[in-house]
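Reader: I'd like to learn how to read a structure like this one. Could you walk me through it, feature by feature?

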Amino acid sequence: MDRDKLLLDVLNACTEVLTPNDFMTMISGPVARLMPYEIMICGIGGTGPDGNYVHKFLNRDYPLEYYYALQQSNGKVNSPLIQLWRQTQQPVIYQSGRDDHQFPQDWVALFNKYDLRNSVGHGVLDLSGPFSSYFIFSRLPVEAGQNEIAILNLITPHLHHALARISPLIPVFDFHSESPQKQLTARQLEILSWINEGKSNWEIAAIINTTKANVKYHVDQIFQKLGVSTRIQAVACAKEIGLLPPSRSSRS
């Protein structure tokens, strides 16, 4: 079928969305015919320098465990793809294998753990600031590239308005934030222990045999999950809530 006809079908369907069921029917029908995908998720919330907060979303088979792994203590989620979108407000793509070198290794491993290969995403940030939307499509059957970027540029504003129209009908979702101890991964707890020893990112990278960029990614995640902004604050907070044992120097 002609792509222009498929595009017109999506735009017309957006104007007819009156309920969440209408929206998902459109996503599973006209949108999937225009840009085939296996799983998708879209959300409504706010955005800021330290991540996106989503309080309502619609989901088609997207593994929420991925979001739980990235969620901070304040409920925000801040993946490298979301960071890139906030910086550019342009469509973002992740093609497994091809784009791995552009992102932290452990995030790539998490992404691949849930088979989120061949992903494309875009969103809209309202001029007023507090309302934003995002749309992520994963497991595309083709390599994510310029064609998908062009499609997202055309349809995302219409998806945004359709989602905003039905927002009052979408229930608020509670991620049930866990304690910081459960939120921090084993690798992050390990890095936190080396921060407690006064090690720099470069030194930690050498100790645990990874890259400095990968350590920085985890340090940023630690800060966000603990709600702190410095290494000293992170250590103090971690000791207060029992995440850190006495330092090696104090035990020797």
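Author: Let's start with burial. Buried means under 20% relative accessible area, exposed means over 50%, and partly exposed is in between, using a 1.4 Å probe and protein chains only. By that rule, cysteine 42 counts as buried because its relative accessibility is 0%. Cysteine 237, at 18%, counts as buried too.

Reader: What kind of model is this, and how are residues numbered and side chains handled?

Author: This is a predicted model, where local features need pLDDT of at least 70 and side-chain atom pairs count only at pLDDT 80 or more, while totals for chains, interfaces and linings use all residues. Residues are numbered from 1 along each chain as its sequence is written, and side-chain values use heavy atoms, with hydrogens and water left out.

Reader: Back to cysteines, then. How many disulfides does the structure hold?

Author: A disulfide is a pair of cysteine sulfur atoms within 2.5 Å. The structure holds zero of them.

Reader: How do I check the span of a helix?

Author: Helices are DSSP runs of H or I with at least four residues, strands are runs of E with at least two, and both are numbered from the N terminus. The expected span of a helix is 1.5 Å times one less than its number of residues. Take α10, residues 212–226: its 15 residues should span 21 Å, and its end C-alpha atoms are 21 Å apart, so the two agree.

Reader: Is α10 largely enclosed or largely open?

Author: Largely enclosed by the rest of the structure, because 11 of its 15 residues are buried. Among them are Tyr217, His218, Phe223 and Lys225. Glutamine 221 also lies in this helix, and its 2% relative accessibility is why it counts as buried.

Reader: What is glutamine 221 in contact with, leaving aside its neighbours within four places in sequence?

Author: Contact means heavy atoms within 4.5 Å. With those neighbours set aside, glutamine 221 touches Leu70, Asn78 and Gln188.

Reader: How should I read the way two helices cross?

Author: Axes are lines fitted to C-alpha atoms, for helices over the stretch in contact, and angles run from 0 to 180 degrees between N-to-C directions. Under 35 degrees counts as roughly parallel, over 145 as roughly antiparallel, 65 to 115 as roughly perpendicular, and the rest as oblique. Here, the axes of α8 (residues 186–196) and α10 come within 10 Å and cross at roughly 90°, which means the pair is roughly perpendicular. Arg187, Gln188, Ile191, Leu192 and Ile195 in α8 meet residues of α10 including Val215, His218 and Gln221.

Reader: What about α2 and α6?

Author: The axes of α2 (residues 20–34) and α6 (residues 146–166) come within 11 Å and cross at roughly 170°, so these helices are roughly antiparallel. For residue classes, Ala, Val, Leu, Ile, Met, Phe, Trp, Tyr, Cys and Pro count as nonpolar, Asp, Glu, Lys and Arg as charged, and the others, Gly among them, as polar. The α2–α6 contact has 12 nonpolar, no polar and no charged residues, including Phe23 and Met26 from α2 and Leu159 and Ala162 from α6.

Reader: And where should I look for positive phi?

Author: Just after α10, glycine 227 has a positive phi of about 70°, and just after α4, glutamine 89 takes one of about 50°. Glutamine 89 counts as partly exposed because its relative accessibility is 38%. Aspartate 61 has a positive phi of about 65° although it is not a glycine. Aspartate 61 sits in the loop between β2 (51–60) and α3 (64–70), and its 60% relative accessibility is why it counts as exposed.
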